Amino acid sequence: LKAACDQLRASLADIRISSCYETPALLDANAPKEWNQPFINQVVIGKTTLSPHDLLATCQQIEHRLGKRKIGHWAPRLIDIDLLLYDDMILHDEALTLPHPHMLSRVFVMKPLREIASDWLHPLHQRSITELWPAKPRLMGIINVTPDSFSDGGDHLSTEHAIAHGERLLAEGADILDFGAES
């Protein structure tokens, strides 16, 4: 990804780069089990004087230089650069569709895009990325390990009970565990 970003700098100015996100592979139901490998994803935004088709060709050249080989539509690949959007352009021809027709349904696109372009308006929906893909609330589970907590005083005093309660909170969807260790 770093090598691809470095090469994109030759065609893009004012680059903004998202964090990297690991996501499960997007696979066809009949894909071989060995294709089920997580992907590392990133979104890059920049300004260019290239046309959308010329930018797509540049991205394909970068992919080729970095070792991408066609082995199957859903197959794992070393690098895959998609042109997701081009300002507020709506385009559909045999080579390119903008905005990318599946971008709104793909967490590996929307999460990094929300990070670096949350206010961008989708030209078809006329809603911002934040409106189209709101941040998921993070849930915090609380494990009180004091005898006088007002909510569950003394329920989780032993290490075993505290660990079991924490594991149950995580299984129920908690993103963060807070340990109440002093009243």
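Trainee: Which residues make the nonpolar surface patch of about 260 Å²?

Mentor: A patch is made of residues with over 30% relative accessible area and no salt bridge; nonpolar side chains (Val, Leu, Ile, Met, Phe, Trp, Tyr) are joined within 5 Å, and like charges within 9 Å. A salt bridge is a side-chain nitrogen of Lys or Arg within 4 Å of a carboxyl oxygen of Asp or Glu. Accessible areas come from the Shrake-Rupley method with a 1.4 Å probe, and for residues only the protein chains shown count as cover. In this structure, Met140, Ile142 and Ile176 make the patch. The model is predicted: local features need pLDDT of at least 70 and side-chain atom pairs count only at pLDDT 80 or more, while totals for chains, interfaces and linings use all residues. Residues are numbered from 1 along each chain as its sequence is written, and side-chain values use heavy atoms, with hydrogens and water left out.

Trainee: Does Ile142 count as buried, partly exposed or exposed, and what is the relative accessibility behind that?

Mentor: Buried means under 20% relative accessible area, exposed means over 50%, and partly exposed lies in between (1.4 Å probe, protein chains only). Ile142 has a relative accessibility of 40%, so it counts as partly exposed. Its place is in strand S7. Helices (H or I, at least four residues) and strands (E, at least two) are DSSP runs, numbered from the N terminus.

Trainee: Which residues does Ile142 touch, not counting residues up to four places away in sequence?

Mentor: Contact means heavy atoms within 4.5 Å. Ile142 touches His165, Leu169 and Asp178 on that count. Sequence distance is a separate matter: Ile142 and Leu177 are 35 residues apart in sequence, and their C-alpha atoms are 5.8 Å apart in space.

Trainee: Which residues of helix H5 are buried?

Mentor: The general idea first. An α-helix has 3.6 residues a turn, so residues three or four places apart point the same way. The buried residues of H5 are Ala162, His165, Gly166 and Leu169. Seen down the axis of H5, they fall within an arc of 100° (taken from the directions from the helix axis to the C-beta atoms), so they line one face of the helix. These buried residues pack against strand S7 (140-144) and strand S8 (176-180). The face of H5 turned away from the buried side carries the exposed residues Glu160, Glu167 and Ala171.

Trainee: How many residues has helix H5, and what does it reach from its first C-alpha to its last?

Mentor: The expected span is 1.5 Å times one less than the number of residues. H5 (residues 159-171) has 13 residues and reaches 18 Å, close to the 18 Å expected. Just after H5, Gly173 takes a positive phi of about 115°.

Trainee: Where do residues other than glycine have a positive phi?

Mentor: Phi of Asp14 is near 50°, and Asp14 lies in strand S1. Phi of Asp87 is near 55°, and Asp87 is in the loop between helix H2 (52-65) and strand S5 (91-92). Asp14 counts as exposed because its relative accessibility is 55%. The figure for Asp87 is 60%, so Asp87 counts as exposed too.

Trainee: Why is helix H3 largely enclosed by the rest of the structure?

Mentor: Count its buried residues. Eight of the eleven residues of H3 (residues 107-117) are buried, so the rest of the structure largely encloses it. They are Phe108, Val109, Met110, Pro112, Leu113, Arg114, Ile116 and Ala117. Their cover includes strands S1 (13-17), S2 (21-23), S3 (39-41) and S4 (44-47), along with helix H4 (129-132). Lys111 is also found in H3; its relative accessible area is 36%, so it is partly exposed. Leaving aside neighbours within four places in sequence, Lys111 is in contact with Tyr21 and Trp133.

Trainee: Which residues does a cis peptide bond join?

Mentor: It joins Leu98 and Pro99, with omega about -10°. Pro99 is in the loop between strand S6 (97-98) and H3. Leu91 is found in strand S5, and at 19% relative accessibility it counts as buried.
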